[in-house]
Structures are given as structure tokens and as C-alpha cells.
Amino acid sequence: MKGEELYKSYEYMKEKRGQVGTEYMIIVGFVTIAITAILALSLFYSSQIKDRIRANNIETFAVQLIDSAETVFFSGEPSKTTIQLYLPDNIINVNITQYEVTISSLSGGGTLNIRSFESKVPLNGFISSSEGTKEVVLQATATYVQVN
């Protein structure tokens, strides 16, 4: 009788060990799914935040350029100034037309964004679309502001 009880006890312990292993695997599965979902959400939102920062940098770039150009133009013909402007990454084109600065960029999702900023004074010149800090020279002439 003693051997039979020992055998039943061994079978019971074996069954409990299997149950604990199954429960452990279920918990690990749930934790893995939760971590994967959190990582996916963080990647999605970080992409949106990067796009907002890029849009803010583009707006700051254009506003500072136009404000400085207007100041130089209204100061008169021999006026000249040099400003430091930061242009973010993923910029396709910076187009300076007579009364407008247009900046084309790509968002994190590959969408083309075109932003246009108006100037009160005529502009003429070119700025490269490469990323980084630009040293821009603004010089007033009789009829427009030269951007170099």
C-alpha cells in the first residue's frame, strides 16, 4: 500500500509540474504580446513627433529668413546681414520666388509636404536643400533682397 501511495504522489507532482509550466508559458505569451504592442505604439508616435519637429523647424527657418530679409530691405540699399538658419532633414527643395519662400519636404510616412511663406519684400536667390545649419547672407538692393 505504501508503494501505491508513493506512486500516486509522484503522478500528482508530475501533473502539477506540467500545469506550472503551462501557466508560465501563458504568462510569457501575454507579456510578449503587451511589450510588442507598446513598442509598435511608441514607434508610431515617435514618427509623428519627428514630423511635428521637422514642420516647426521649417517654419522657424522660413520666418527667420523672411523677417531678416524685410529688415534688411527696409534699412536701405547698402544694408547687409548674415544669419544662421537650421534646415532639418528630408527637405527636397527650397524655392525662393519674388514674394514667396516654398519648402518641399517628405514626412516620415513618405508623404510630400509643401509649405509656402509670403514675404512683404521681393526676394531673389537660392538656398541649398541639404540638412544642417546654413550661413545665409542677405543684401538689400534698390528693388529686392539678394539671398546667398
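Two aromatic rings of Phe, Tyr or Trp count as a pair if their centres lie within 6.5 Å, and planes over 60 degrees apart make such a pair edge-to-face. In this structure, which is a predicted model, a search of the whole structure finds two aromatic pairs. In one of them, the rings of Phe44 and Tyr45 have their centres 5.2 Å apart and their planes at 70°, so this pair is edge-to-face. Phe44 is partly exposed, with a relative accessibility of 46%, and Tyr45 is likewise partly exposed, its relative accessible area being 46%. Phe73 and Phe74 form an aromatic pair too, with 5.7 Å from centre to centre and 70° between the planes, and this pair is also edge-to-face. Here Phe73 counts as partly exposed at 22% relative accessibility, whereas Phe74 counts as exposed at 60%.

From the rings we can turn to the sheet. Three strands form an open sheet in the order S2-S3-S4, and their pairing is antiparallel. At its edges stand strand S2, residues 91-97, and strand S4, residues 112-118, each of which pairs on one side only. From one strand to the next, the twist averages 10°. Strand S3, which covers residues 100-106, runs antiparallel to S4 and is joined to S4 by seven bridges. Along these two strands, Val101 stands opposite Phe117 in S4, while Leu106 stands opposite Leu112 in S4. The hairpin of S3 and S4 has five residues between the strands, and in this hairpin Gly110 takes a positive phi near 90°.

The largest nonpolar core has 24 residues, of which Leu65, Ile103, Ile127, Val136 and Leu138 touch the most other members. Several elements, namely helix H1 (2-75), strand S1 (80-87), S2, S3, strand S6 (132-140) and strand S7 (145-147), each supply at least two residues of this core. The largest share, seven residues, comes from H1. What does Leu65 touch, if residues up to four places away in sequence are not counted? Leu65 touches Ile83, Leu85, Ile96, Val101, Ile127, Val136, Leu138 and Val147; among these, Val101 is the residue that stands opposite Phe117.

The charged side chains complete the picture. Side chains of opposite charge can pair when their charged atoms come close. The structure holds three salt bridges, and Asp51, Arg54 and Asp89 are linked in a network of such bridges. Arg54 is buried, with a relative accessible area of 9%, whereas Asp51 is partly exposed, with a relative accessible area of 23%. The side chain of Arg54 also meets that of Asp89 in a salt bridge, at 3.3 Å from N to O. Because Arg54 lies in helix H1 and Asp89 in the loop between S1 and S2, this pair ties together parts that are 35 residues apart in sequence. Asp89 is partly exposed, with a relative accessible area of 32%.

A further salt bridge brings together the side chains of Arg115 and Glu59, at 3.6 Å from N to O. This pair links distant parts of the chain, since Arg115 belongs to strand S4 and Glu59 to helix H1, and the two are 56 residues apart. Both residues are partly exposed, Arg115 with a relative accessible area of 29% and Glu59 with one of 34%.

Terms used: Residues numbered from 1 in each chain as written. Predicted model: local features only at pLDDT ≥ 70, side-chain atom pairs only at ≥ 80, totals over all residues. Heavy atoms only, no water. Pairing = 2+ DSSP bridges. Helix = DSSP H or I, 4+ residues; strand = E, 2+ residues; numbered from the N terminus. Axes fitted to C-alpha atoms, helices over the stretch in contact; angles between N-to-C directions. Core = buried A, V, L, I, M, F, W, Y, C linked by side-chain atoms within 4.5 Å. Buried < 20%, exposed > 50% of the residue type's maximum accessible area, 1.4 Å probe, protein only. Contact = heavy atoms within 4.5 Å. Phe/Tyr/Trp six-rings, centres within 6.5 Å; stacked < 30°, edge-to-face > 60°. Salt bridge = Lys/Arg side-chain N within 4 Å of Asp/Glu carboxyl O.
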